[in-house]
Amino acid sequence: MVQRLQPSVDPKVADEAPSRPELTNYDYEMLLHYLRLLDAEAEGVDWREVARVVLKTDPEREYVRAKRMYDTHLARARWMTEQGYRN
């Protein structure tokens, strides 16, 4: 059962976003960050800058990790706007 935590302004960001077909506690905590990812994408912000600012990871030092974090969290943010919100 999901406890439905509140969104956090400074959550601990996982290396990969969840891929489960239902909302998780992590999704609730990351809600503000998911919105920031979607806004940045809509504005055409370079993913590396988003990884640095929103996900707090350095793509210059950890390129593969930062890219995976960005890709999975952006995909999860999209999923939430297309399907996850129904939950």
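Where in α1 is the kink centred? It sits at Leu 31, where the helix bends by about 60° (the angle between axes fitted to the seven residues ending there and the seven starting there). The model is a predicted one, with local features needing pLDDT of at least 70 and side-chain atom pairs pLDDT 80 or more, while totals for chains, interfaces and linings use all residues. Residues are numbered from 1 along each chain as its sequence is written, and side-chain values use heavy atoms, leaving out hydrogens and water.

Helices here are DSSP runs (H or I, at least four residues), numbered from the N terminus. With 19 residues, α1 spans 28 Å from its first C-alpha to its last, close to the expected 27 Å (1.5 Å times one less than the number of residues). Its buried residues (under 20% relative accessible area, 1.4 Å probe, protein chains only) include Tyr 28, His 33 and Ala 40. The buried set packs against α2 and α3, contact meaning heavy atoms within 4.5 Å. Just past the end of α1, Gly 44 has a positive phi of about 75°.

As for α3 (residues 63–82), its axis comes within 9 Å of that of α1, and the two cross at roughly 100°. The pair therefore counts as roughly perpendicular (65 to 115 degrees). Among the residues that meet are Tyr 26, Met 30 and Leu 37 in α1, and Tyr 70, Leu 74 and Ala 77 in α3.

Then there is Lys 56, in the loop between α2 (47–53) and α3. Lys 56 isn't a glycine, yet its phi is positive, about 55°. At 55% relative accessibility, Lys 56 is exposed (over 50%).

Key. Axes are lines fitted to C-alpha atoms, for helices over the stretch in contact, and angles run from 0 to 180 degrees between N-to-C directions. Angles under 35 degrees count as roughly parallel, over 145 as roughly antiparallel, 65 to 115 as roughly perpendicular and the rest as oblique.
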